[in-house]
Amino acid sequence: MQREEKQLEASLDALLSQVADLKNSLGSFIYKLENEYDRLTWPSVLDSFALLSGQLNTLNKVLKHEKTPLFRNQVIIPLVLSPDRDEDLMRQTEGRVPVFSHEVVPDHLRTKPDPEVEEQEKQLTTDAARIGADVAQKQIQSLNKMCSNLLEKISKEERESESGGLRPNKQTFNPADTNALVAAVAFGKGLSNWRPSGSSGPGQPGQPGAGTILAGASGLQQVQMAGAPSQQQPMLSGVQMAQAGQPGKMPSGIKTNIKSASMHPYQRSRVS
């Protein structure tokens, strides 16, 4: 009996030592996060996490050691409950528990969850027991398939976002060619003065030259209707106005041959 008590005390001392080390590490890490966040670096954060992980693994090894008794089989019974302030309890709990009364004992000495949580856990266990093995296997496969499809979509979106982020960095045009094209369209820079054959005088692009107008005017003939001699002069003046209205054209001394024919007054005249 005394041997078991000594073994229990040794195990508790080792467990308290490991828990104290873990508590100090957590306190130091929280202090850094709250007060030294502006100087905190990622490698130091990783070091703190590695230290906490190692201490948790050591604590689990102590609990799973063969010489460590099963603490779940031990029962703690409060001997004295008092609403008065206890200085020793304050010192041992570092000021977290000032009194050991009937209000705090159920929270600190509870070995089971709350009744509501325990009832929900029993309900979930009952629902899980009703499902057969085949149905459970099908549900597991369906869930795994959904998770695989979701992971595939997420990976595809990440690849597309990465490719989309790298795409604008590639230049797909030549700035020199673009500037030359804009200058040619806006200011006519670099365009040649080539004209089609047969244009003898200066002219603007898209307008016929003077030679073309002269050639067309030389063959101009007007058919005068019978009984309308006054139409001859407007036709001639129309030719002269067409020549004068074109800037940069040489005046032509065209003699227009007028042919008159006796035709019906309502018949359409034809220029031959």
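## Helix H1 and the overall fold

In this predicted model, the 34 residues of H1 should span 50 Å at 1.5 Å a residue, and the end C-alpha atoms of H1 are 49 Å apart, which agrees. Helix H1 covers residues 2-35. Its buried residues are Ser11, Leu15, Leu22, Ser25 and Phe29, and these residues pack against H2.

Is serine 11 buried or exposed? With a relative accessible area of 9%, serine 11 counts as buried, because the limit for a buried residue is under 20%. If neighbours within four places in sequence are left aside, the contacts of serine 11 are Lys67, Thr68, Pro69 and Phe71.

The chain as a whole contains nine helices and two strands. Their order along the sequence is α-α-α-α-α-α-α-α-β-α-β. Of the 272 residues in the chain, 11% are buried. Among contacts with a separation of 6 or more, 58% are between residues 24 or more positions apart.

Just after H7 comes glycine 188, whose phi is positive, at about 70°.

## Confidence in the model

How confident is the prediction, and which elements have the lowest and the highest mean pLDDT? The average pLDDT of the chain is 74, and 67% of the residues score at least 70. Among the elements, the lowest mean pLDDT (41) belongs to strand E1 (residues 222-224), and the highest (91) to helix H2 (residues 42-64). Over residues 199-248 the pLDDT is below 50, and this stretch has 51 contacts in the model beyond near neighbours in sequence. Where pLDDT is low, the predicted coordinates should not be read in detail.

## The largest pocket

The largest pocket holds about 950 Å³ of space. It is lined by 27 residues, of which Val75, Ile76, Ile77, His108 and Leu109 are the closest to its centre. H1 and H3 each contribute at least two residues to this lining. The largest share, four residues, comes from H1.

## Salt bridges

The structure holds eight salt bridges.

| Glutamate 94 | Lysine 23 | 3.2 Å |

Glutamate 94 and lysine 23 meet through their side chains in a salt bridge. Which parts of the chain does this pair link? Glutamate 94 is in the loop between helix H3 (87-92) and helix H4 (105-108), whereas lysine 23 belongs to helix H1; the two are 71 residues apart, and the pair links distant parts of the chain. Glutamate 94 has a relative accessible area of 52% and is therefore exposed, because the limit for an exposed residue is over 50%. Lysine 23, at 37%, is partly exposed. Lys23 and Glu94 are also linked with Arg96 in a network of salt bridges.

Aspartate 38 counts as exposed, since its relative accessibility is 56%. Arginine 39 is likewise exposed, with a relative accessibility of 59%.

Aspartate 127 is partly exposed, with a relative accessible area of 32%, whereas arginine 130 is exposed, at 66%.

How values were computed
Residues are numbered from 1 along each chain as its sequence is written. This is a predicted model: local features need pLDDT of at least 70, side-chain atom pairs count only at pLDDT 80 or more; totals for chains, interfaces and linings use all residues. Side-chain values use heavy atoms; hydrogens and water are left out. A salt bridge is a side-chain nitrogen of Lys or Arg within 4 Å of a carboxyl oxygen of Asp or Glu. Buried means under 20% relative accessible area, exposed over 50%, partly exposed in between (1.4 Å probe, protein chains only). Contact means heavy atoms within 4.5 Å. pLDDT is the predictor's confidence in each residue, from 0 to 100. On a 1 Å grid over the protein atoms alone, a cavity is a set of points where a 1.4 Å probe fits but cannot get out, and a pocket is an open set with protein on both sides within 12 Å along at least five of seven lines; lining residues have an atom within 4 Å of a point. Grid points are joined across faces, edges and corners, and a volume is the space filled by probe spheres set on the points. The expected span of a helix is 1.5 Å times one less than its number of residues.
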